[in-house]
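Thank you all for making time this morning.

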Amino acid sequence: MPALRAVWQAHLEQHDPEDCVRFGTPAPDHHHGRLLGSTVPELVEPFVRGLLVDPPGPTDIVPFTRLDGEAAGELLDVLSPSDLDGRQNDAPTLRAILEATATRPDRLDVHGYAVGPGRCDERVTAEGVHVRFDDDVRLPRRHDDGCDCERLWSYVVDELGLDDDGARRPDEIVPVYRADDERWWRLWWD
Ligand SMILES: [Zn+2]
Ligand SMILES: [Zn+2]
């Protein structure tokens, strides 16, 4: 059994329904363990670091990074419409992020976290994307006057097809370097 499924299965077994009342339920009809009824654990697990070394507790989020186009395409098939409509504050919707990544895996991947069945708000959340962008741009971590974020954001929306409906530009943009000094940018929404 893959590790994340086993970890979450244990959390589900430890879950006390009284906690739903004690901590306040986000949705009265929520059902713990719903992600275990899908392939979400298997799709997310390859992008989770240190799962066996430092396994998450029942209320911990499970961060993932560099979730690729293939996994994004499969998540689009297994998550519910309401899951896909979800978004982190002013970020694009999960659907928009997964669709763009599935279409342009050469230029995009996803970072975010999953919440397991130990919590009432069990879900998958995208906090942002990594983007490969070749232009030479000046991008401080947080915006300042004259930073080139609009150029990068236009590239992501217009060229890579990320649906920005209702989304703001990213709160934070930092460079990340991969093999052969290949520069990507990490876009993150607060
Ligand atoms: Zn609950
Ligand atoms: Zn800016």
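This is a predicted model: local features need pLDDT of at least 70, side-chain atom pairs count only at pLDDT 80 or more; totals for chains, interfaces and linings use all residues.

Residues are numbered from 1 along each chain as its sequence is written, and chains are lettered from A and ligands numbered from 1 in the order in which they are written.

Let me start with the chain as a whole. Its secondary structure comes to seven helices and five strands, where helices (H or I, at least four residues) and strands (E, at least two) are DSSP runs numbered from the N terminus. Read from the N terminus on, the order of elements is α-α-α-β-α-α-α-β-β-α-β-β. The C-alpha trace spans about 55 × 35 × 30 Å along its principal axes. For 190 residues, a compact globule would have a radius of gyration near 16 Å, and the 17 Å of this chain agrees with that; the radius is taken over C-alpha atoms, and the globule rule is 2.2 Å times the number of residues to the power 0.38.

The five strands form an open sheet in the order 1-2-3-5-4, with antiparallel pairing, and two strands are said to pair if DSSP finds at least two bridges between them. The edges are strand 1 (61-67) and strand 4 (172-178), each of which pairs on one side only. On average, neighbouring strands of this sheet are turned by 25° against each other, direction ignored; the axes behind such angles are lines fitted to C-alpha atoms, for helices over the stretch in contact, and angles run from 0 to 180 degrees between N-to-C directions.

Going through the pairs, strand 2 (residues 108-115) and strand 3 are joined over eight bridges, and here Gly112 has Ala126 of strand 3 as its bridge partner, while Asp109 has His130. On to the next pair: strand 3 and strand 5 (residues 182-188) share five bridges, with His130 bridged to Arg186 of strand 5.

How enclosed is strand 3 (residues 123-132)? Eight of its ten residues are buried, so this strand is largely enclosed by the rest of the structure. By buried I mean that 20 or more other C-beta atoms lie within 10 Å of the residue's own, whereas exposed means 12 or fewer and partly exposed is in between, with C-beta atoms placed from the backbone. Across the chain, 30% of the 190 residues count as buried.

Turning to the helices, helix 6 lies across strand 2 and strand 3, running at about 140° to strand 2. Its buried residues are Leu94, Ala96, Ile97, Leu98, Ala100 and Thr101, and what covers them includes helix 4, helix 5 (81-85), strand 2 and strand 3. In helix 4 (residues 69-78), the buried residues are Ala71, Ala72 and Leu75. Seen down the helix axis, they fall within an arc of 100°, so they line one face of helix 4; the arc is that of the directions from the helix axis to the C-beta atoms.

Last, the backbone. Most residues other than glycine have a negative phi. Arg66, in strand 1, has a positive phi near 60°. Asn89, in the loop between helix 5 and helix 6, has a positive phi of about 45° and is exposed, with 10 other C-beta atoms within 10 Å.

Definitions and conventions: Two residues are in contact if their C-beta atoms, placed from the backbone, lie within 7 Å.
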